[in-house]
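This briefing covers helix packing and nonpolar cores. Please read it alongside the sequence and the model.

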Amino acid sequence: MDNNELIGELNKILTLEHGHLGMYENFMSYKDKDVRRTFRHFMELEMEHVNKIQNILRNLGAKPSPLVEGGDIIGKMFGITINIADEHAALKAFKFIEEKSHEGYLKFTVKLEKENSNLLNYIAEEITSSNQLESYLQYLWLEDKLNVTRPS
Ligand SMILES: [Fe+2]
């Protein structure tokens, strides 16, 4: 993988992470207190994900450039409209997106590790595998919460 390809992939991931941040930053709007608390923490996790990807891009000499600038990233990338008034539907959509995130990071980490490069191994170990694990934990929490949340 050359530098340009790596930067392109990281900018795509950065776009998705901005989308994740958008999912949880309205945490105060939820009726369920447990959801509010958890989404607040998820928002902080997503900020870390964004920062880690931005830092590695800067260390590669690139300007972090999300493919979609602000707005409804989840709508644009996945064609999903999220209506937070319907908490059950929102949990379901977020579970789907975190599962996709986990799968995407897993694939990307494997791809990075296939090449025998110190830089790519470092990115895989320090960044993509930890973001992948956290997205998986978020997915599991959402799945668990869905099991005890009734559709409205
Ligand atoms: Fe994330």
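The crossing of α1 and α4 is left-handed, a term used if the near helix is turned anticlockwise from the far one by less than a right angle, with right-handed for clockwise. This is a predicted model, in which local features need pLDDT of at least 70 and side-chain atom pairs count only at pLDDT 80 or more, while totals for chains, interfaces and linings use all residues. Residues are numbered from 1 along each chain as its sequence is written.

**Packing of α1 and α4**
- Helix α1 (residues 3–24) and helix α4 (residues 87–114) pack at about 155°, with axes 12 Å apart; helices are DSSP runs of H or I with at least four residues, numbered from the N terminus.
- Axes are lines fitted to C-alpha atoms over the stretch in contact, and angles run from 0 to 180 degrees between N-to-C directions.
- α1 and α4 are therefore roughly antiparallel to each other (an angle over 145 degrees).
- Glu 9, Leu 16, His 20 and Met 23 of α1 make the contact with Phe 94, Ile 97, Ser 101 and Phe 108 of α4; contact requires C-beta atoms, placed from the backbone, within 7 Å.

**Leu 16**
- Leu 16 lies in helix α1 and counts as buried, with 25 C-beta neighbours inside 10 Å (the cut-off is 20 or more other C-beta atoms within 10 Å).
- Residues up to four places away in sequence aside, Leu 16 touches Met 77 and Ser 101.
- Leu 67 is 51 residues from Leu 16 in sequence, and their C-alpha atoms are 9.1 Å apart.

**Packing of α2 and α5**
- α2 and α5 pack at an angle of about 160°, with their axes 11 Å apart.
- α2 is therefore roughly antiparallel to α5.
- The α2 and α5 crossing is left-handed.
- On the α2 side, Thr 38, Phe 42, Leu 45, His 49, Lys 52 and Ile 56 meet Ile 123, Ile 127, Asn 131, Glu 134, Gln 138 and Trp 141 of α5.

**Nonpolar cores**
- The largest nonpolar core has 15 residues, of which Met 23, Phe 39, Phe 94 and Ile 97 touch the most other members; a nonpolar core is a set of buried Ala, Val, Leu, Ile, Met, Phe, Trp, Tyr and Cys residues joined through C-beta atoms within 7 Å.
- At least two residues of this core come from each of α1, α2 (33–59), α3 (73–78), α4 and α5 (118–147).
- α4 gives the most to this core, with 5 residues.
- A second, separate core of 13 residues includes Ile 13, Ile 53, Tyr 105 and Ile 123.

Technical notes
Angles under 35 degrees count as roughly parallel, over 145 as roughly antiparallel, 65 to 115 as roughly perpendicular and the rest as oblique. Two residues are in contact if their C-beta atoms, placed from the backbone, lie within 7 Å. A residue is buried if 20 or more other C-beta atoms lie within 10 Å of its own, exposed if 12 or fewer, and partly exposed in between; C-beta atoms are placed from the backbone.
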